[in-house]
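Could you walk me through this protein model, with the cut-offs spelled out along the way? Here it is to look at together.

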Amino acid sequence: MFVSIPERRRPRRTWVTPALVALCVLAFVWLSLLPPELRAPAVSRWGTVPETLLAARSDWVAAILEGRVLTLLTSLFIHADWLHLLGNALFLVIFGMAAERALGGFRFLLLFLAGGAVANLAAALSLDQPASVIVGSSGAVSAVIGAYLALFPRARLGLVLPLGLFLEFVRMPASLLIAIWALLQLAFSFVGPAFGAVAWWAHLTGFAGGVVFALLARRAVARRLRQRG
């Protein structure tokens, strides 16, 4: 697994990343406490359903007023199971803390929401089963990973490797680890259902969007770093 390498400079406090993780956990607990007969309807209501969303292409105004477009955002906080939630929360904390400190809280929040919404839209357009429900913050987290790569191309991450009875801690370039991750997403997008019902194109779209977002925000980031001094 990945662990963060602490910065030499005293880090600024972050609030968006912990708040996003908390919202995901609260949404998961809320769904878990619902009666079984209400759980599936709630997931369909707040998740992104391609069949419902794309049926509105001829009348986006009505889709917005009815809240169908809003599900591109609400679905980011709904997770299928605790492993799904744990994986997204872990990667969000690892890459989100540093990205938020560089971008600032509100800009980072925009990255998460916009990147996740675009990623969910890409997933809705690419899925072969339009009646399925898209849930999870994987697309948004992928956008955060893409932004991290663009903001810290020379960063290093700690990698804990299990070697027999011991755990070995090594430092590796973050760009290499992220490149391996991105290539796996690309490979899985062609393999498809063999690796489960995962919207791989959402990951790739979110990642690419995060890179572009961070590159466009580099001047603002540079100003923040100068002010931080």
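What share of the contacts in the protein with a separation of 6 or more comes from residues 24 or more positions apart? Such residues account for 75% of them, where contact means heavy atoms within 4.5 Å.

Before going further, a word on the ground rules. This is a predicted model, in which local features need pLDDT of at least 70 and side-chain atom pairs count only at pLDDT 80 or more, while totals for chains, interfaces and linings use all residues. Residues are numbered from 1 along each chain as its sequence is written, and side-chain values use heavy atoms, with hydrogens and water left out.

**Confidence**

The predictor's confidence in each residue, pLDDT, runs from 0 to 100. The protein averages 85, and 82% of the residues score at least 70. Confidence is highest in α1, at 97, and lowest in strand β1 (residues 2-3), at a mean of 40. Over residues 1-7 the pLDDT is below 50, although this stretch has 22 contacts in the model beyond near neighbours in sequence. Where pLDDT is low, the predicted coordinates should not be read in detail.

**Overall make-up**

The secondary structure comes to 11 helices and three strands, taken as DSSP runs (H or I of at least four residues for helices, E of at least two for strands) and numbered from the N terminus. Along the sequence the pattern reads β-α-α-α-α-α-α-α-α-β-β-α-α-α. Of the 229 residues, 44% are buried; buried means under 20% relative accessible area, exposed over 50%, and partly exposed in between, with a 1.4 Å probe and protein chains only. The accessible surface comes to about 12900 Å², and carbon and sulfur atoms hold 68% of that; the areas come from the Shrake-Rupley method with a 1.4 Å probe.

Helix α7 covers residues 105-126, and its 22 residues should span 32 Å at 1.5 Å a residue; the end C-alpha atoms are 31 Å apart, which agrees. The expected span is 1.5 Å times one less than the number of residues. Among the buried residues of α7 are G105, F108, L111, F112, G115 and G116. The buried residues of α7 pack against several helices, including α1 (16-33), α6 (82-103) and α10 (200-216).

How do α1 and α7 pack, in angle and axis distance? Their axes are 10 Å apart, at an angle of about 40 degrees. That makes α1 oblique to α7, since angles under 35 degrees count as roughly parallel, over 145 as roughly antiparallel, 65 to 115 as roughly perpendicular and the rest as oblique. Axes here are lines fitted to C-alpha atoms over the stretch in contact, with angles from 0 to 180 degrees between N-to-C directions. In this pair, V16, T17 and L20 of α1 meet G105, F108, L109 and F112 of α7.

A117 also sits in α7 and counts as buried, at 16% relative accessibility. Leaving aside residues up to four places away in sequence, A117 touches L72, L73 and L76. S126, another α7 residue, is partly exposed at 31%. V29 belongs to α1 and is partly exposed, with a relative accessible area of 40%.

Each of these residues has a C-alpha distance to a partner further along the chain:

| C-alpha pair | Separation along the chain | Distance |
|---|---|---|
| V29 and W82 | 53 residues | 9.7 Å |
| A117 and A140 | 23 residues | 7.5 Å |
| S126 and A199 | 73 residues | 8.3 Å |

**Helix α10**

The 17 residues of α10 should span 24 Å, and its end C-alpha atoms are 25 Å apart, which agrees. Its buried residues include W200, H203, F207 and F213.
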